[in-house]
Each structure stands twice: as structure tokens, then as C-alpha cells.
Amino acid sequence: MAEPLSKITRPSPVSDVHILWITAGLSCDGDSVSVTAAEQPSIEDVLLGAIPGLPKVHLHNPVLAYENGDEFMQFFYDAEKGLIDPFVLVVEGSIPNEKIKQEGYWAAMGTNHDTGQPITTCEWIDRLAPKALAVIGAGTCATYGGIHAMAGNPTGAMGLADYLGWGWRSKAGLPIVNVPGCPVQPDNFMETVLYLLYQVAGLAPMIPLDKQLRPTWLFGKTVHEGCDRGSYYEQGDFATEYGSSKCLVKLGCWGPVVDCNVTKRGWMRGIGGCPNVGGICIGCTMPGFPDKFMPFMDEPPGGMLSATLVNGYGRMIRALRGITNATVNKEPKWRHNRPELTTGYRPDRPNAI
């Protein structure tokens, strides 16, 4: 008798899921480009059905699509009419405030065939978000507003949760899922999509999110906690110029207070990530970015205080570790080629030392 299918190999209760990806926020399309480098999983693995148990996935992203013009836009028109269901809405780019302009529009995608006027990004979110299975913000612009939402901007730009409301829920009861990064770390985003697809297939519980709506397993630790340079901080040993392998706090790194896993995960195939390759962390995964982290190349106020406090302690630790290091870098005295045994071995007591 054949063995029953396991939960992993059982077909998904949902046969097809569409991903409608809007890049028409205030954006550079950098998140779409970044995600093409993902490998855990890759876009190809998800779209070609290489992962057992998942529904068939159809991606509609203007940067990656074969279709263009009305042929591409038809998927969005159909989703609005309820002809595509279920679907996941991904928004890339910050959301402008269309209520504050005097004329025209800030951002749009496609054309209203009845009026001949562009359909604004805000209008698309209003049309599609209530019908979506889940809504994901891809990159810092979509999650918290990013560069376009900094002080002095004319558009009133904001993130998805600012626009829809931080307590918003999809028709499936899911909150907005924020995957920040400027651009988003490719595997972070695709892993989040994979989790939601597993949830659709009944193979995963409710996605765990922090108060900023970020996946907790990806953003639950700071850059500093995963940084190879962290031990230099502990020893009060700081870089004073770029190119050094030491801690970068004095050069403007905000890693000790920024929630991000890039020092652990790297950027592609575990390689790269800002401090890993000598770049400071400027806090791009945080809601306060960029305003609260500028000027980027200046030492953070908290870093100045903590570096001063740890300096004396770190010097002492370095000195003590230097002594220990010198000691353990010497072999024991009984390793020699003289015609005598000095290891402490005693024939009459072979177990004694």
C-alpha cells in the first residue's frame, strides 16, 4: 500500500496566486532589480514550481514582465473587477499625498479608459488593497517613506502603513508586511514572499511581525549583533579611516541600534553587506531613515558617548587578552626532542599527571 502524501508534498488548497507588483510609487525600481539576485529562494524557483507544496505563482512586475502597455495593465484591471483572486499586492516606492497638490498628480500607473486620465498610485492602492490576500511593502520607500519622505519634500510622501493605517488588515486578516531596505535585501524579500505562500498553502502559521510590521526572524537583531567588527567595539578599538578592519562607529556607523540582518546574511550568496565590506550602516531599514541618521558620515551622538565609555575598559581587555594570546601561542615545555620524557607521565601511575 502506498504511503500517504506528507504535508509538504500535498497539493496546495489554492491552485494559483498572482503577485501584482506596483513600482509606480516614488521609487527608483531598485528593489525590483535587487530581488532578481535572490537565491533563498530565487524568483525562478517560486515561479517555475520548484518548491513543493506551493500554489502556482504568476508575477506581474513592470520591470520583469514580458507584457507591456495595456496588455500588462489588464491584470490590474481584472484584479480590480474580481477576475483575479487570490492575489498578493506588492508596492514599491513611497506613497505621495495626492490631497495636497494644486493640480496634476504625483505618481500614476495606467489610464482610466473612461476619462483618459492617469490612474494615480493612491487610487490603485485604494482599489486593490481591500481585495488582496496580503499587502507587502518592498523596500524602505514603500514601508516608511524613505528618501522621498525626508524633511522638506513637496509630495508629503509616506509608507504604506501611513497611508492605509498601521492597524489595517487584508481580507485574509493579515497586517501589512514591511520588508525594508534601500534597496531591499533580495533573500529577505523572497523569503517573506515564500512564508506568505506557505501560509496560503496551509503550511505555516500567521507570519510573525514586530511593531514596525517587519518579519521578526529577519529584523529581530541589530546590525552590530551580527557584525564581524563587533569584537573591536567591545575592545574599544575603532577605525579612524576607511579601509580599516576595525569597528566603524567613529566613522558614522549606526549598526549598534539598527534592526537589520545584513551582516549575518550578506547580500548575495552570503557575501557583502555594508559593514562586511567596509561601509558604514546608515540605518536604511529603520522608520526614522533618512532624517534621524544624517549627516551620514558623522559619528552618531550615542556612538560618541558609548565609544568614550568603552575605551578604558576596552584597552584593559585588549591588554589582558594580549597576555593570554601570547601565552597560548607557546607550546608546552615538554614538547622537545631531548632524550628524556618530561610530560609528567609516571609508569607506576599511568593515569596520573
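Which residues does UniProt, in an unreviewed entry, assign to the feature "domain: Cytochrome-c3 hydrogenase C-terminal"? The record places this feature at residues 219-296, and in the model, which is a predicted one, the end C-alpha atoms of that span lie 21 Å apart. The span is 13% helix and 0% strand.

**Domains**

The domain assignment of the chain gives domain 1 at residues 13-201 and domain 2 at residues 221-328. Taken over C-alpha atoms, the centres of domain 1 and domain 2 are separated by 34 Å, and the contact between them involves 21 residues of domain 1 and 14 residues of domain 2.

**The annotated cysteines**

For the feature "binding site", again from an unreviewed entry, UniProt lists Cys28, Cys141 and Cys182. These residues are spread over 155 residues of sequence, yet they cluster in space, with a largest C-alpha distance of 10.2 Å. From this set, Cys182 belongs to the lining of the second largest pocket.

Cys141 is found in helix H5, which covers residues 140-144, and it counts as buried because its relative accessibility is 12%, under the 20% limit. Leaving aside neighbours within four places in sequence, Cys141 is in contact with Leu26, Gly93, Ser94, Gly146, Ile147, His148, Met158 and Gly159. Cys182, by contrast, sits in the loop between strand S7 (177-179) and helix H7 (186-200), and with a relative accessible area of 43% Cys182 is partly exposed. Under the same exclusion of sequence neighbours, the contacts of Cys182 are Thr140 and Cys284.

The structure holds zero disulfides. A disulfide is a covalent bond between the sulfur atoms of two cysteines. For two further cysteines the distances can be set out: the sulfur of Cys122 has its closest cysteine sulfur in Cys141, at 14 Å, and is therefore too far away for a bond, while the sulfur of Cys274 has its closest cysteine sulfur in Cys284, at 6.2 Å, and so is also too far for a bond. Cys122 is buried, whereas Cys274 is partly exposed.

| Cysteine | Relative accessible area | Class |
|---|---|---|
| Cys122 | 5% | buried |
| Cys141 | 12% | buried |
| Cys274 | 39% | partly exposed |
| Cys182 | 43% | partly exposed |

In soluble globular proteins, nonpolar side chains tend to be buried together. The largest nonpolar core in this model has 31 residues, and those with the most contacts inside it are Val90, Ile136 and Phe189. At least two residues of this core are supplied by each of strand S1 (16-22), helix H2 (43-47), strand S3 (87-92), strand S6 (134-138), S7, H7 and helix H8 (216-219). The largest share, eight residues, comes from H7.

Not counting residues up to four places away in sequence, Phe189 touches Trp21, Val35, Val90, Ile136, Ala138, Val179 and Val184. Apart from this core lies another, of 29 residues, among them Leu20, Phe76, Ile84 and Leu128.

How values were computed. Residues numbered from 1 in each chain as written. Predicted model: local features only at pLDDT ≥ 70, side-chain atom pairs only at ≥ 80, totals over all residues. Heavy atoms only, no water. UniProt positions renumbered as here; feature names shortened; annotations may be inferred. 1 Å grid on protein atoms, 1.4 Å probe; cavity = no way out; pocket = protein on both sides within 12 Å on 5 of 7 lines; lining within 4 Å. Helix = DSSP H or I, 4+ residues; strand = E, 2+ residues; numbered from the N terminus. Buried < 20%, exposed > 50% of the residue type's maximum accessible area, 1.4 Å probe, protein only. Contact = heavy atoms within 4.5 Å. Disulfide = S-S within 2.5 Å. Core = buried A, V, L, I, M, F, W, Y, C linked by side-chain atoms within 4.5 Å. Domains from an automatic or database assignment.
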